[in-house]
Every structure is written in C-alpha cells, then in structure tokens.
Amino acid sequence: MIKNKIIKISNKRYFLAESPILVSKNNLAWIDIYEKKLLMLNLINKKIKQRKFKQFLGFLSYYKKNLILGLENKIINYSLLDGKISNLININSKKGLRTNDGSFDNHGNLWFGILDEEKKSRGGLFCKYKSMTKAVKIFGNISTPNGPVFINSKEFFFNDTSRQITFRCKVTNSCIKKKKFKIFKQKQKPDGMFFDKKKKRLWICFFGSSLVNCYDLKGNLLGSIKLKAKNLTKCVIDKYRKNTMYITSAYKNLTKKNNDKKFDGFIFKVKNKFI
C-alpha cells in the first residue's frame, strides 16, 4: 500500500460524483450524475460554482477549451467562456438508459458508454466519429460501461463494471479487438480510470472497495491507494502539480450502517511520491 497524504477538498458530499477534470491550473470540474449538476472548484480560494441541468449527467470531458457533457439522450457542448450550450449529438435512447463515462481520442472522435439503469445489459460502448453525425455502437450487451481511456491513437482500456472486467482494446482498419486485461473478484468493481501516458500506468478506481489500483501495461499491480470513502468513481492526475491526484466518490448504494458521512461522497486530493 502506498503512503499517502489525503485531503478532502469539497465542503459537501455528493450522491454520485464522477468525471474529475482539470480545466485549468486552478480549476477542477466534476459532475454529480443524479443531482444533475456540473461543479467547478477553484483550488486556490476553495469556492465552488455549479450549474443544474434537467437531465441526469453521464459524463464530463474536455475538448478544445470547452466542456462536453453527456446527458440522458444527448451530448452537449458547454462553453467555458460564456456558459452557452450547443447540441453535439442526439441519442435515441430508451427509458432507463443514459450516457456514462466518455473521452476523446487523439483524432477528435468521442467515445462514450450507454448505461442501463435496469441492469438488462442494453448498454454498450459507442463512438461519435469526428466525420459522422451519428454515434456507432462498438460493443453491446453491457449494463455498466466505464471508459475508455486511451493508451495511444490505436489502443484503449475499457471497463465492463458489472462483470468486473477491464479490457484492453485495439483499433484496426476493419474492427476493434478486445482482450481481457484484468478479471477482478466479486467485490472489486472497476469504475472510472485514468491512464498516465508519461509513466505508462493505468489507474483504476473501484466502486465499493475503497481502492485506486495502479497497473503497468502487462497487468502487474504496482501499488494501491486506499481511502476511507468506499465508492471511488474516477481519478485524474494533476499535470501542473507533482505527485498529485484528485478522486471523486459517491454515497450511492450505501446503507445507514455503512454510510460514513465524514468521507463517503467527498472529493479528495491525494499526494504521494509514486503518482
């Protein structure tokens, strides 16, 4: 276990915080999926700005100085300059489906998941290619997709959280091949991820087991960060500050007995020499 300095940086807790992103040196953004909120924390003065939406939020990404937000049946572009919203793509999703986790590859293609709230495996991984107006299904038969995070322009990691599997996928001219990278135990549910391109390391947050694990490209466990919060949803490394990571958490699915109001649902800053 890695020796850490862990600090709570939010002044309140969130039902299902997700998608932490540094939009500038001193501003960290994230979403609360079920509270339908986009939040932005100034890391210097600790003030939080927020915007409420009418739909559940599924993911937050950053592209060309704008925020990209996945909602239930559409993906929107949110301008950081003036707060104006424009529609990026409509999604013809059925009741109980919504977006979940997403990111851009090096070519400007947007990859995102569709999550099935009813756990009937109606979700999957989709891609909105830059040259196309509609999204294309990449993988189906999934209830809770998380990722992808890209290793390079041709390879990415992707989580099937419900089945506790992390896949390593390769983009070819004819198809996308996926291979099981890690299969986890029953209580280990891989959620959001971050890939450190400089050190070639994959960081995986686990929903329910208080861990963020670090792996090399061969799947070897290099180290673990353990928090007192149980449901860890996603992490991001601070590119402006050495050895610093931010982690979102949630108190979703916790009972009164195991819901620790001092830790569950908060946003954390972690510092250690390994990051």
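Q: Thr 244, Tyr 246, Thr 248 and Ala 250 point one way from E23; which residues point the other way?
A: This is a predicted model, in which local features need pLDDT of at least 70 and side-chain atom pairs count only at pLDDT 80 or more, while totals for chains, interfaces and linings use all residues. Residues are numbered from 1 along each chain as its sequence is written, and side-chain values use heavy atoms, leaving out hydrogens and water. In a regular strand the side chains alternate between the two faces of the sheet. Opposite to the Thr 244 set, E23 directs Met 245, Ile 247 and Ser 249.

Q: How many residues of strand E23 are buried?
A: Strands (E, at least two residues) and helices (H or I, at least four) are DSSP runs numbered from the N terminus. Buried is under 20% relative accessible area, exposed over 50% and partly exposed in between, with a 1.4 Å probe and protein chains only. Strand E23 covers residues 244-250 and is mostly covered, the buried count being 7 of 7.

Q: Which residue of E23 does Asn 231 stand opposite?
A: Strands pair if DSSP finds at least two bridges between them. E22 and E23 run antiparallel, joined by 6 bridges. Their hairpin has 6 residues between the strands, and Asn 243 takes a positive phi near 55° there. The residue facing Asn 231 is Ala 250.

Q: Which residues beyond four places in sequence is Asn 4 in contact with?
A: Asn 4 sits in the segment before strand E1 (5-8) and is partly exposed, at 24% relative accessible area. Its C-alpha atom is separated by 7.3 Å from that of Ile 225, 221 residues apart along the chain. Counting heavy atoms within 4.5 Å as contact, the partners of Asn 4 are Ile 225, Lys 226, Val 270, Lys 271 and Asn 272.

Q: What is the volume of the largest pocket?
A: On a 1 Å grid over the protein atoms alone, a pocket is an open set of points with protein on both sides within 12 Å along at least five of seven lines, a cavity is a set where a 1.4 Å probe fits but cannot get out, and lining residues have an atom within 4 Å of a point. Points are joined across faces, edges and corners, and volume is the space filled by probe spheres set on them. For the largest pocket this gives about 1200 Å³.

Q: How many charged residues are in the lining of the largest pocket?
A: Among the strands supplying at least two lining residues are E2 (17-24), E18 (190-196) and E22 (231-237). Ala, Val, Leu, Ile, Met, Phe, Trp, Tyr, Cys and Pro count as nonpolar, Asp, Glu, Lys and Arg as charged, and the others, Gly among them, as polar. Besides 18 nonpolar and 7 polar residues, the charged count is 10.

Q: Which residues lie nearest the centre of the second largest pocket?
A: This pocket has a volume of about 420 Å³. Its lining has 5 nonpolar, 9 polar and 7 charged residues. Of these 21 residues, those nearest the centre are Lys 119, Thr 144, Phe 207, Lys 252 and Asn 253.
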